[in-house]
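This report goes through one protein model, from its overall build to single residues. The sequence and coordinates come first.

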Amino acid sequence: MTIRFTPEDERFMRRALALAARGRGSVEPNPMVGCVIVRAGQVVGEGWHRRFGGPHAEVHALREAGPQAKGATCYVTLEPCCHHGKTPPCTDALQASGVRRVVVAMRDPFPKVAGRGFRLLRGAGIEVVAGLSEREAAELNAPYLKLLRTGRPWVILKWAQSLDGRIATRSGDSQWISGERSRAWVHRLRGRVDGILVGRGTVLRDNPTLTCRLGRPRRQAVRLVLDRRLRTPLVSGIVRTAHRVPTMIVAERGEVDYRRAVALRKAGVEVVGICNGPGGLDLSELLDELGRRRWTNLLVEGGGQAIGSFVDAGLADEAYVFVSPRLIGGTTAVSAVGGLGPETMKTLPRVRCVRIGRSGEDLLYHLRFSER
């Protein structure tokens, strides 16, 4: 049976999706969820999941609606939970409120929910319809869905490049290709991810701190360095600040100098060993390890070799590319995407452009990679 949704249904679900997005960076590894309670065409309650372990979106919205929730319609972006976790089941709260109808964007694939929430609500006599704006809801919570499906975090690539695709001059100078507004945008992105990854070359060339320096970040990202032989200098900024900011160096298992590892650990660095693959460190194994830690989002900032390695391995999910109206030139200038690269045009990674926007003088391309 085809479910027909009204323009009013679509409008209120769009509002619920906008509310859900406000939780980005605060609720992971839980999903972002938004909820709108409507009675007689009027919004009487709104809410979103605001922080991990806190009340869910439905609870916030029902509290705001109060007795007006009775006989109302609830628009929610994800199937209501039906199990006791850090909070009581939302299905219980909806039943107690007296809502008449629940419109849901998508089913929650989390094993303890996975359709059971729908069945409980219908068993209580509440009309439940699902599938409104399902694609938009799935895109919003793509990192959560990937973690459930694969046990790995969502991988976000970020780089700034010149018009001719360079991220540094022939001498390695890269500060700054992008403008102030773009750099501020990146700091906000850093403030909502679980980890920020660079290669050892970037540490040697730029000596970055890899922290969010805009206000109060929603999350404290762990800094990761890919360093196969564990040669990151102890005097580098990333090591010297490791006691204050969580820092991880990823090296080849069994191939590192024991004394170097001890010295780095004394400095506050976590040393993680993984296998080496044909193209370098086995990034699939790294993502598996981060997934076991319940990481949802990993930001890969560079350099070109690290970015290219994730693209070569088919492990990138999303990219933000800042294109500055500058020309660097030079045959030895650093390319934005290194690695091996595809052999033919037919084997290029499949990428779709989600949006192109302005960021000061720069252009910002938001891209999504298709699964291989």
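## Overall build

The model is predicted, not experimental. Its secondary structure consists of 12 helices and 18 strands. The C-alpha trace spans about 70 × 45 × 40 Å along the principal axes of the protein. The radius of gyration is 23 Å, which agrees with the value near 21 Å that a compact globule of 372 residues would have.

Of the 372 residues, 52% are buried. Among contacts with a separation of 6 or more, 73% are between residues 24 or more positions apart.

## Surface and charge

The accessible surface comes to about 18,300 Å², and carbon and sulfur atoms account for 49% of that area. On the charged side chains, the count is 59 positive and 36 negative. The centres of these two sets lie 3 Å apart.

## Nonpolar cores

The largest nonpolar core has 43 residues, and Met-13, Ile-37 and Val-102 have the most contacts inside it. Helix H1, residues 7–20, gives the most to this core, with 6 residues. Apart from it lies another core of 32 residues, which includes Leu-283, Leu-290, Val-300 and Leu-367.

Val-102 can be described through its partners. Not counting residues up to four places away in sequence, Val-102 touches Cys-74 and Val-76, and also Leu-121, Ile-126, Glu-127, Val-128 and Val-129.

## Val-76 in strand E3

Val-76 belongs to strand E3, which covers residues 73–76. Val-76 has 0% relative accessibility and therefore counts as buried, the cut-off for buried being under 20%.

What is Val-76 in contact with, leaving aside its neighbours within four places in sequence? The partners of Val-76 are Met-13, then Val-33, Gly-34 and Cys-35, then Glu-58, and finally Val-102, Val-103, Val-104 and Ala-105. Two of these partners, Met-13 and Val-102, are also named among the residues with the most contacts inside the largest core. For Val-104, the C-alpha atom is separated from that of Val-76 by 5.0 Å, with the two residues 28 apart along the chain.

Most peptide bonds are trans, and most residues other than glycine have a negative phi.

The peptide bond from Glu-28 to Pro-29 is cis, and its omega is near 10°. Pro-29 sits in the loop between H1 and strand E1, the latter being residues 34–39. Another cis peptide bond joins Gly-302 and Gly-303, with omega about 0°. Gly-303 is in the loop between strand E14 (297–302) and helix H12 (304–312).

Ser-133 is not a glycine, yet its phi is positive, at about 60°. The residue is in the loop between strand E5 (127–130) and helix H5 (134–140). Is Ser-133 buried or exposed? At 18% relative accessibility, Ser-133 counts as buried, because the limit is under 20%.

Arg-294 is likewise not a glycine and has a positive phi of about 65°. Arg-294 lies in the loop between helix H11 (283–292) and E14. With 42% relative accessibility, Arg-294 counts as partly exposed.

Methods: Residues numbered from 1 in each chain as written. Predicted model: local features only at pLDDT ≥ 70, side-chain atom pairs only at ≥ 80, totals over all residues. Heavy atoms only, no water. Helix = DSSP H or I, 4+ residues; strand = E, 2+ residues; numbered from the N terminus. Rg over C-alpha atoms; globule rule 2.2 N^0.38 Å. Buried < 20%, exposed > 50% of the residue type's maximum accessible area, 1.4 Å probe, protein only. Contact = heavy atoms within 4.5 Å. Areas by Shrake-Rupley, 256 points an atom, 1.4 Å probe, with all protein chains shown as cover. Lys, Arg positive; Asp, Glu negative; His and termini not counted. Charge placed at Lys NZ, Arg CZ, Asp CG, Glu CD. Core = buried A, V, L, I, M, F, W, Y, C linked by side-chain atoms within 4.5 Å.
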